[in-house]
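Keep the structure open as you read.

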Amino acid sequence: MDTLSPSLLILNGKGAGNPDLRSAINDLRAQGVEIHVRVTWEKGDAARYLDEGRRLGVQTIVAGGGDGTINEVATALINADDGSELPALGILPLGTANDFATSAGIPEEMGKALLLAIAGNTAAVDIARVNDRTCFMNMATGGFGTRITSETPEKLKAALGGVSYLVHGLMRPNTLKADRCEIRGENFHWQGDALVIGIGNGRQAGGGQQLCPEALIDDGLLQLRIFTADELLPALINTLTRPEEKTNIVDGVSSWFEVTAPHDMTFNLDGEPESGRKFRMEILPGALRLRLPPGCPLLS
């Protein structure tokens, strides 16, 4: 194998025992590839390991985990930007949903995914920042969808897929509440009751729900989709079973969106909840170099 530059794998602790990943790492190391492995235990570990990786001179930081892990590592890269060239970011899909990796066409097979993560071609991609503080790589989701996707039992998801959210929602009628809010963007304004809000750099969330099916990660734009609550139960059923239908749907495109509400709202930022009454979400164009497969559907 041609000489590959050193890489650092930041691995979510839940994936540390994956035998296919261990085998893939050992195979590449046997061919002379230098791969450092660090396992996260608590918040802040990704940033500390990134600092260590830069001291080691690695050219790629690989995020091994689900959407939350990818976002944590990507955010650490953004926060570490000191004007010098940052390492490229690679992805190993080891989470339960892997929404971003699935949309991007990252292979599920560990050997192929690892090779892509450390040796694939890079593309300059966007990331979104919220209230000048928090980032998300894939999507911010709010409203009923956030409450249900965070509360639906894993066994129900495994058995029923996306329909599990509808089933769980109907079992928990106290969650069927719309959020009254106002959303502004470039040449965009909407005000009303929102059942589900998706603001996407990527396309899907919640284990395969295509909330922003037109989103691209290199166009400098965020995609917005609102499922309105004009008729609550029909809107809920359409939202979770027939999202391609345009009933109760409002779409928007902008490099930034501001969401304000008269009450506290919660947005799920790639698995990280953020609560408040005002959110400003803006794109940071071309902020990261990401290793992606040829023909990645998320690139323009």
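This is a predicted model: local features need pLDDT of at least 70, side-chain atom pairs count only at pLDDT 80 or more; totals for chains, interfaces and linings use all residues.

Q: Within what arc do the buried residues of α1 fall, seen down its axis?
A: An α-helix has 3.6 residues a turn, so residues three or four places apart point the same way. In α1 the buried residues line one face of the helix, because they fall within an arc of 95 degrees.

Q: Which exposed residues does the face of α1 turned away from its buried side carry?
A: The buried side holds Leu 21, Ala 24, Ile 25 and Leu 28. The face turned away from it carries Pro 19, Arg 22 and Ala 30.

Q: How far apart are the end C-alpha atoms of helix α1?
A: Helix α1 covers residues 19–30, which is twelve residues. At 1.5 Å a residue, they should span 16 Å. The model agrees, as the end C-alpha atoms are apart by 16 Å.

Q: At the start of α1, which residue has a side-chain oxygen that reaches to the backbone nitrogen of Asp 20?
A: The reach is to within 3.0 Å. A polar contact is a pair of N or O atoms within 3.5 Å. The oxygen belongs to Asn 18.

Q: Is Asp 270 buried or exposed?
A: Asp 270 is in the loop between β14 (256–269) and β15 (272–291). Its phi is positive, about 55 degrees, although Asp 270 is not a glycine. Its relative accessibility is 9%, so Asp 270 counts as buried.

Q: Is Asn 187 buried or exposed?
A: Asn 187 is in the loop between β8 (179–185) and β9 (188–200). It too is a residue other than glycine with a positive phi, near 55 degrees. Its relative accessibility is 84%, so Asn 187 counts as exposed.

Q: Which residues touch the most other members of the largest nonpolar core?
A: This core has 51 residues. It draws at least three residues from each of domain 1 (7–120) and domain 2 (134–285). The residues that touch the most other members are Leu 92, Met 137, Leu 288, Leu 290 and Leu 292.

Q: Which residues is Leu 292 in contact with, leaving aside its neighbours within four places in sequence?
A: Leu 292 belongs to the largest nonpolar core. Its contacts are Ala 104, Ile 106, Leu 116, Asn 121, Ala 123, Val 125, Ile 217 and Leu 299.

Conventions: Residues are numbered from 1 along each chain as its sequence is written. Side-chain values use heavy atoms; hydrogens and water are left out. Helices (H or I, at least four residues) and strands (E, at least two) are DSSP runs, numbered from the N terminus. Buried means under 20% relative accessible area, exposed over 50%, partly exposed in between (1.4 Å probe, protein chains only). A nonpolar core is a set of buried Ala, Val, Leu, Ile, Met, Phe, Trp, Tyr and Cys residues joined through side-chain atoms within 4.5 Å. Domain bounds come from an automatic or database domain assignment. Contact means heavy atoms within 4.5 Å. The expected span of a helix is 1.5 Å times one less than its number of residues. The arc is that of the directions from the helix axis to the C-beta atoms. A polar contact is a pair of N or O atoms within 3.5 Å; within protein, one must be able to donate a hydrogen and the other to accept it, and residues adjacent in sequence count only if both atoms are side-chain atoms.
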